[in-house]
Amino acid sequence: MNACFTNRLIHMIKKGIAVLVFGFWGLLPGLTQKPLEQKPSSPNVILILVDDLGYQDVGFNGCSDIPTPNIDRIASEGVKFTQGYVSYAVCGPSRAGLITGRYQDRFGFGRNPLFAPNDPEMGLPLTEETLAEVLKNADYKSIAVGKWHLGAHQSLRPLSRGFDAFFGFLSGGHTYFPETWTLRDEYEVASQFDAYRTKLLRDNTRMEENEYLTDALSREAVNYIGQYQDGPFFMYLAYNAPHTPLQATEKYLSRFEDIEDPKRKTYAAMVSAVDDGVGKILDKLEQLNIDQNTIIFFLSDNGGPERVNASDNGVLKGGKGDLFEGGVRVPFAMRWPSKIPKGTIFHAPVISLDIFATVIAQVRQPVETKHQLDGVDLLPYVLGERTDSPHELLFWRKFDQNQYAVRNAAGDKIISLKDRIELFNLQENISENNALKNTDSLRSEALNNAWNNWNLQMINPTFLGLQSDKLYTQKHPNRFVKPD
Ligand code: CA
């Protein structure tokens, strides 16, 4: 008898004994073991945030020149929100709202923060709770991958804000090619945009990295999913693509030889790289057999700055920085195969602040939050258990520009311009082209009053922002000097 045959024989004998023993056990009255009732487990959550993506630059919103088959799966296998908003029209404040589930002006995050590693006030105040901090109390592990932009001071970094792991960078943007990442720590940074060239961080340590940034972030996201697969986990995956600088590798550029405009071509390549990453994440979840109970959100942090990165907001007016729809209405989708029917389309307005509330409502043990949230659990609405609108009113405020906007569920929206307030109805006029006339002043006044009441609850910004870079440096001459 050869060794292989012997092993097989031993295996068959063992199997036979097992069948006999367990078969007999099963026949004994009262001793039949019922399978243990499996307690439904809390879902994993992956929040994919992209940066400066145009409303119409995903297949699920009608993009014609950039295929995004993987991102589209999030929408087609879950729910697409046609009126999905963010709480601010640029990166920093939008992220502060997203990660706390609260209007960021409640805690003074009304500006885009500067890169200021010595300043514990420059970022998300410690009085606020991040989604990762709340989920920690429900035995979640949390991972942040990509752009942080919520504070570079040690006390404000991901590992100090509820995350168990971090791979990425702290600044508001970053270059994409690793050969440009020459700065070994934050104290080699001498200007705001120097921070775009720092080596990446793993947790609190600078890393050597060889891959194109978007690919590196996708690779890490996939690896972390493997590492934390026993769950529950929360992954905040914040790609900085397709934010400037416009940089892409040949691998992705070669997919867009038909696009003539070099800017649009590079932008398309950057979006395509993100789409590949999303595909790898979906594959990994499936391979680990955890995709059914993993919630994925996909959205952009603000609308596309069309002239800057060649993004396309479609019929929406304006873009990044604006309170017109192009600045605050973004591609927005959610997938949760075990709960949300494929192909759901949801038309009532929702906002990024809802993600926090939606997630904690799905956790299988009671979780408490320190503050009142502004978002709501979207699931009962998405599933049709509730037929009213998740929000009667949504508000936006640009403190430094003294500008604001508010809309209601029926589509009435006012926007304050320099010398006047304009009223639109978004159902009739999505492009905000023709302001309604004086005959509608009562509708306008009602929204204005609502905004004034809301604004009373907000506070002034607690730190200087990007636009005050010079002033900040005058006030803090040692801003990049390593403390003793
Ligand atoms: Ca952005």
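Glu 432 is buried in this predicted model, with a relative accessible area of 0%. Its phi is positive, about 50°, although Glu 432 is not a glycine. Glu 432 lies in the loop between β16 (421–425) and α12 (441–455).

**Backbone geometry**

- Most residues other than glycine have a negative phi, and most peptide bonds are trans.
- Asp 52 is not a glycine, yet has a positive phi of about 70°.
- The loop between β1 (44–50) and α2 holds Asp 52.
- Asp 52 has 2% relative accessibility and therefore counts as buried, the cut-off being under 20%.
- Ala 241 and Pro 242 are joined by a cis peptide bond, with omega about -5°.
- A cis peptide bond also runs from Thr 244 to Pro 245, where omega is near 0°.
- Pro 242 is placed in the loop between β8 (233–238) and α6 (250–253), and Pro 245 lies in the loop between β8 and α6.

**Helix α7 against α2**

- Two packed helices are described by the angle between their axes and the distance between the axes.
- Helix α2 (residues 69–76) and helix α7 (residues 262–287) have axes that come within 7 Å and cross at roughly 55°.
- α2 and α7 are therefore oblique to each other.
- On the α2 side, the contact is made by Pro 69, Asn 70, Ile 71, Arg 73 and Ile 74.
- On the α7 side, the contacting residues include Val 274, Asp 275, Asp 276, Val 278 and Gly 279, along with Leu 282, Asp 283 and Glu 286.
- By class, 6 nonpolar, 2 polar and 5 charged residues form the contact of α2 with α7.

**Helix α7 against α5**

- The axes of α5 and α7 cross at roughly 10° and come within 9 Å.
- This crossing makes α5 roughly parallel to α7, because angles under 35 degrees count as roughly parallel.
- α5 contributes Thr 214, Asp 215, Ser 218, Ala 221, Val 222, Ile 225 and Gly 226 to the contact.
- α7 contributes Ala 273, Val 274, Gly 277, Lys 280, Ile 281, Lys 284 and Leu 285.
- The contact of α5 with α7 has 7 nonpolar, 4 polar and 3 charged residues by class.

**Helix α5 itself**

- Helix α5 (residues 213–227) has 15 residues and, at 1.5 Å a residue, should span 21 Å.
- α5 is mostly covered, with 11 of its 15 residues buried.
- Among the buried residues of α5 are Leu 213, Ala 216, Leu 217, Glu 220 and Tyr 224.
- Thr 214, Asp 215, Ser 218, Ala 221, Val 222 and Ile 225 are also among the buried residues of α5.

**Nonpolar cores**

- In soluble globular proteins, nonpolar side chains tend to be buried together.
- The largest nonpolar core has 87 residues, of which Phe 81, Phe 234 and Tyr 236 touch the most other members.
- Helix α10 (residues 354–362) gives the most to this core, with 5 residues.
- Another core, of 54 residues, lies apart from it and includes Phe 60, Val 145, Ile 259 and Met 270.
- Not counting residues up to four places away in sequence, Phe 234 touches residues including Val 45, Leu 47, Ile 99, Leu 131, Tyr 140 and Phe 163.
- Lys 141 and Ser 142 are also among the residues that Phe 234 touches.

Key:
Residues numbered from 1 in each chain as written. Predicted model: local features only at pLDDT ≥ 70, side-chain atom pairs only at ≥ 80, totals over all residues. Heavy atoms only, no water. Axes fitted to C-alpha atoms, helices over the stretch in contact; angles between N-to-C directions. Helix = DSSP H or I, 4+ residues; strand = E, 2+ residues; numbered from the N terminus. Parallel < 35°, antiparallel > 145°, perpendicular 65-115°, else oblique. Contact = heavy atoms within 4.5 Å. Nonpolar A, V, L, I, M, F, W, Y, C, P; charged D, E, K, R; others polar. Expected span 1.5 Å × (residues − 1). Buried < 20%, exposed > 50% of the residue type's maximum accessible area, 1.4 Å probe, protein only. Core = buried A, V, L, I, M, F, W, Y, C linked by side-chain atoms within 4.5 Å.
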